[in-house]
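Hi,

Here is the structure I promised to pass on. Have a look at it first, and my notes follow below.

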Amino acid sequence: MTDVYLNGIFMNADQARISPMDRGFLFADGVYEVIPAFNGVLFRLNEHLLRLQRSLGALQIPNPHAADAWQALCKEMIGRNGGGNISVYLQVTRGAPDKRDHGFPVPAVPPTVFMATSPVAPSAISNSATAPGAAAIVAEDIRWARCDIKAVALLPNILLRQQAIAAGAVEAILIRDGLVTEGSSTNVFVVKDGRIATPPCTPRILAGVTRELVVELCRNHELPLVEREVTKEQLYDADEIWVTSSSKDALPIVTLDARPVGNGRPGALWKTLARRFLELKRAACSIA
Ligand code: PMP
């Protein structure tokens, strides 16, 4: 049994109780983060906490903790749950007033804070020479107009991911108005003729912490990258496609709608990027 954190108390997961009046339960009125730790060391914590602050700000929910208190809570969660390669899920909702009403509660009630952990499986970058790559499908982006907020309202993402699973794929790459936005839980990069492109950060996508890291790695290692719109046609025509997230790092997509991407194997630029990514992660998390 794992330990979770709920409103100031660490406890066994089966002891945790949340009110049915919680606005997270009734309205999905809350935000979340998933922060990975490798070798027990939190990776890109500050970036996740900054995004948490932006998401809370967009919902006008006061941040219940300062950054150092969040850090201490995350560390405690990792320690209590065995350390190693593990991710911390944290969720903040607008709390549990006694009346169900769309308007924000007056007076405000304390936000509900929940944290849990789960193991992180090794990603494709851990073994870039032999990584097989993964399958994706293309789907219409059926989400709302504020995908930059990391809201717990994930119903469209769930339906899209299930559509991918039903097709034997791991991810759905989403199209809005003929343009690639992102994956159902990842950001998207394409490579054509040795050049890398990723859609710009707008309210149509989540500003992924891993997306930003990959952009940084490309800049630092002179891999040619531009942040620009990518059309559906350019996606189908790409030599390489990568999807990025805190749990997948950078995953090469080798089939799209069951057709090979490029030569159907992880591409040369992905392999270069994967080596750089792994170096950075090892150094940041003191992995030998
Ligand atoms: N887009 C969406 C819709 C996501 O849910 C995620 C995962 N949280 C990402 C992108 C990737 O973000 P990150 O790299 O910060 O995990």
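**What I found**

Let me start with Gly208, which is buried, with a relative accessible area of 10%; buried here means under 20% relative accessible area, exposed means over 50%, and partly exposed is in between, using a 1.4 Å probe and protein chains only. Before I go on, please keep in mind that this is a predicted model, where local features need pLDDT of at least 70 and side-chain atom pairs count only at pLDDT 80 or more, while totals for chains, interfaces and linings use all residues. Residues are numbered from 1 along each chain as its sequence is written, and side-chain values use heavy atoms, with hydrogens and water left out.

Back to Gly208: you will find it in the loop between strand 11 and helix 5. Helices (H or I, at least four residues) and strands (E, at least two) are DSSP runs, numbered from the N terminus. Leaving aside residues up to four places away in sequence, Gly208 touches Arg51 and Asn187, where a contact means heavy atoms within 4.5 Å. Ala169 sits 39 residues from Gly208 along the chain, and their C-alpha atoms are separated by 21 Å.

**The chain as a whole**

How many helices and strands does the protein chain have? There are seven helices and 15 strands. The radius of gyration is 19 Å, close to the 19 Å that the globule rule gives for 288 residues, so the chain is as compact as a globular protein of that length. That radius is taken over C-alpha atoms, and the rule is 2.2 Å times the number of residues to the power 0.38. Along its principal axes, the C-alpha trace spans about 60 × 45 × 35 Å.

Of the 288 residues, 47% are buried. If you take the contacts between residues at least 6 apart in sequence, 70% of them join residues at least 24 apart. The accessible surface comes to about 13,600 Å², and 55% of it belongs to carbon and sulfur atoms; areas are from the Shrake-Rupley method with a 1.4 Å probe, and for residues only the protein chains shown count as cover.

**The core**

Which residues have the most contacts inside the largest nonpolar core? They are Ile173, Ile196, Leu235, Ile241, Trp242, Leu273 and Phe277, in a core of 43 residues. By nonpolar core I mean a set of buried Ala, Val, Leu, Ile, Met, Phe, Trp, Tyr and Cys residues joined through side-chain atoms within 4.5 Å. Among the elements that give two or more residues to this core are strand 8 (171-176), strand 13 (240-245), helix 5 (209-220) and helix 7 (268-284). Helix 7 gives the largest share, six residues.

Is Ala268 buried or exposed? With 61% relative accessibility, Ala268 counts as exposed. Ala268 and Gly194 are 74 residues apart in sequence, yet 9.1 Å apart in space, C-alpha to C-alpha.

His48 belongs to helix 2 (residues 45-59) and counts as buried at 1% relative accessibility. Not counting residues up to four places away in sequence, His48 touches Glu33, Val34, Ile35, Pro36, Phe43, Val209 and Ser246.

Arg44 is in the loop between strand 4 (41-42) and helix 2. Its relative accessibility is 17%, so Arg44 counts as buried too.

Most residues other than glycine have a negative phi, and most peptide bonds are trans. Here are some spots to check against that.

- Arg44 is not a glycine, but has a positive phi of about 60°.
- Glu222, also a residue other than glycine, has a positive phi near 55°. It lies in the loop between helix 5 and strand 12 (225-227), and is exposed, with a relative accessible area of 73%.
- Val106 and Pro107 are joined by a cis peptide bond, with omega about -5°. Pro107 is in the loop between strand 5 (86-93) and strand 6 (112-119).

His221 is in the loop between helix 5 and strand 12, and is partly exposed, with a relative accessible area of 30%. His221 and Tyr5 are 216 residues apart in sequence and 40 Å apart in space, C-alpha to C-alpha.

Cheers
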